[in-house]
Amino acid sequence: MLVAVLLPFILAVFIPFLSRWKEKLHPGFFVTLVPVVIFIYFVRHIGSGFEPVVQEYSWIPSLGINMVFHLDGLSLLFVLLISGIGALVAFYSIYYLHKSEQLGHFYVYFLIFMGSMLGVVLSDNVFALYSFWEFTSLSSFLLIGFWNYKQESRYGALKSMLITVFGGLSLLGALIFMSELTNTTSIRAMFDQQQLVLNSEYFPLILSLLLLGAFTKSAQFPFHIWLPDAMEAPTPVSAYLHSATMVKAGIYLVARYSPMLSSSEWFFIIVSTAGIVTLCWGSYMAVRQTDLKGILAFSTISQLGMIMAMLGFGTKAAVFGAVFHILNHATFKGSLFMVAGIIDHETGTRDIRRLGGLMTYLPITATLAVFASFSMAGVPLPFLNGFYSKEMFFESSLHLEASAAGFSGFMMSVIPYLAVLGSIFTFVYSMYFFFGTFRGRAKIDQLPKKPHEAPIGMLVSPMILVAGVIIIGLFPFLVNGSFIAHAAEAVKGTALEEKHITFWHGIIPPFVMSLTVVVFGAILAISRKGWTPVYNFLPGRLSLNKLYDGLVDRTERYSGVITKGYMNGSLGRYVRLILAAILIVSFAFMALTGGFTVDTSNLSRITAPEIAVAVTMVLAAIGTALTNNRIAAILILGVVGYGLSMLFVLYRAPDLALTQLIVETVTVALFLLVFYHLPKLKKKDQPMSTQVLNVIISVGFGALMTMVAISAHSSKWFDSISEYFVKNSYKLGGGDNIVNVILVDFRGLDTLFEIVVLGIAAMAIYGLIRLKKPKEDE
């Protein structure tokens, strides 16, 4: 599994080189092989006899942290979606993206995202999960902003980054709390201490932070506003990130922690409420959109809300329906995004007001769209997989197991009605998408391009997904016992009896609810133009996007005011502010935590020579600050360094004295060389208040460094490492000089990187010295 997770990252390193030959061979062909290989590796686990697999690798041994990958039914479902849909999207992108695009950048971001998503769903270590989680936010930011020359793309990318990273930080807080409470970083080990978490006084905070991370990632109300703006990304990105993978990361998180948290009534209240509200609002707002991808964006929001609601219900039927709909949604929504991309590619527009009558010009695409859109609508036909999971949603909404008292009881009574309401608008936007695009009068004169059927390469991927819609609809048992049931067991945390999926159960309440949806949905779809003015009142002028824009604008404005308050171009002011901040924070922290310690035991005697050298160093330091001659200042400052060498000699540390002597000599020589070319020092006329402030800060900072040095010597929080060096310097390093062994062997890498940094700085300085303006510019 480690190789499967790392494989996309490894290939991402080579993509820039492969993209050099993109005119001869599209790099998408190489990229497609990666998810295909991963899919083949994991698909072999499908079967009724599946058992979870755990693989452990050493990560940070000093902290007892290992990289653990856990493949159970839930992670297997997501891995197959990530790799399977990823392969189809990568192949689709070959024909969607022109070779003139920055294909190297696109596929690097694409592979990083794929590897990150695999890491999220396979990681058992919470901090590995969080690391991959944030990588998905970063890579999705780059993918959404791929067309960075468009202002809309930059806006959508930044919006998604701010909201999802905010949620990611909340998730990190929850994971830290849980790992501290349970004294483990393993998710499976945390489940064994469920009561410890549930009975903790921090449980409300843990639940809030965890769900905040999940809701922001899976675009739950009111954090859904980033998803429609993310549609500015290329269509392959939308088909992959925003239908099958990234937006389901929050769903995965809630499902993964359901065995631990679902017994809490607050879990039912918060998750169910957020899900059902998101379903209704997303489906209602989808009918308002005029951009095809905008319709699909809000439809994704509504479908994610439905899955989240079922996870909140927590019953066996609800959990099974949620897992089943995760699969079904990936098939029909992925194909619909690709259909939208084909329409945009072949007509030059996604504006549904300019479309219509395209069934004649794009017959294959229209056929794919009818199956996918009707499946999304939950039309009761036996060859549409969306109907099965929609009926499970209705069934689970009627059989909740929450407390009948208080708000839970109120939720139990209204959820079935809200489920029907949200599904009615789902039916409306599904019909709106299909009939508004492919039926009616063709408006060829309003299209930028004359439409024609897409090349076969663009049709292969949506064909495979639509075939999945039909096959799952006709033969649901193929996916039921093989891996859907295993995923449901992982979410529920207990063994579940295999649910029998059939089309006809008789005239039962869920089927009546489905018929109600079709009847009222058809009425609203036919009369859509007559009632859409209702959007002028709801949401009307109310907009969460305006709230977001206002917060961002005010933050930037107030930050600018504060920054301009101290950024006046004065280097002296900047240094004073930095030193003052360090002084205040360090003194306050050390004082509050008992960091100041003075221990005078076991100290060497101080004699007259040491006092004389110290006094000389103090006088030299003061003289350096008072002199106006730059050469004299450097020479006097050198006295301080040479005085330190003398102290090393007096305290019998000749090796340190020699090192300090060499460093000081080289430093003084370099300073003399550089300062020779700098302007002469001039005494600045500063107000008395500034001079007093400078004295206070300099004396205070010096006192702080003195106290830090004394406290570091006096504090014995842990055993000194010096004994280890004494015992092992010769045995491990092969040297008699302990200091040299430490620098060259024990701290070899540190020393190497220090030398590299100095070398880079020297090259930069040399470049600045050699840089000259052309004569005509002088």
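Modeller: Angles under 35 degrees count as roughly parallel, over 145 as roughly antiparallel, 65 to 115 as roughly perpendicular and the rest as oblique. The model is predicted, so local features need pLDDT of at least 70 and side-chain atom pairs 80 or more, while totals for chains, interfaces and linings use all residues. Residues are numbered from 1 along each chain as its sequence is written, and side-chain values use heavy atoms, without hydrogens and water.

Biologist: How are α26 and α27 oriented to each other?

Modeller: Helices are DSSP runs (H or I, at least four residues), numbered from the N terminus. Axes are lines fitted to C-alpha atoms over the stretch in contact, and angles run from 0 to 180 degrees between N-to-C directions. The axes of α26 and α27 lie 8 Å apart at an angle of about 175°. The pair is therefore roughly antiparallel.

Biologist: How many residues of the contact of α26 with α27 are nonpolar, polar and charged?

Modeller: Contact means heavy atoms within 4.5 Å; among the residues making it are Leu637 and Phe648 of α26 and Leu661 and Phe671 of α27. Ala, Val, Leu, Ile, Met, Phe, Trp, Tyr, Cys and Pro count as nonpolar, Asp, Glu, Lys and Arg as charged, and the others, Gly among them, as polar. The contact has two charged, five polar and 15 nonpolar residues.

Biologist: What is the volume of the largest pocket?

Modeller: On a 1 Å grid over the protein atoms alone, probed at 1.4 Å, a pocket is an open set of points with protein on both sides within 12 Å along at least five of seven lines; lining residues have an atom within 4 Å of a point. Volume is the space filled by probe spheres set on the points, which are joined across faces, edges and corners. For the largest pocket this gives about 1400 Å³.

Biologist: Which residues lie nearest the centre of the largest pocket?

Modeller: The lining divides into 13 nonpolar, nine polar and six charged residues. Of the 28 lining residues, those nearest the centre are Thr624, Ala625, Leu626, Gln686 and Asn694.

Biologist: Which element gives the largest share of the lining of the second largest pocket?

Modeller: The second largest pocket, of about 730 Å³, is lined by 21 residues. Elements giving two or more of them are α27, α30 (738-746) and α31 (748-770). The largest share, nine residues, comes from α27.
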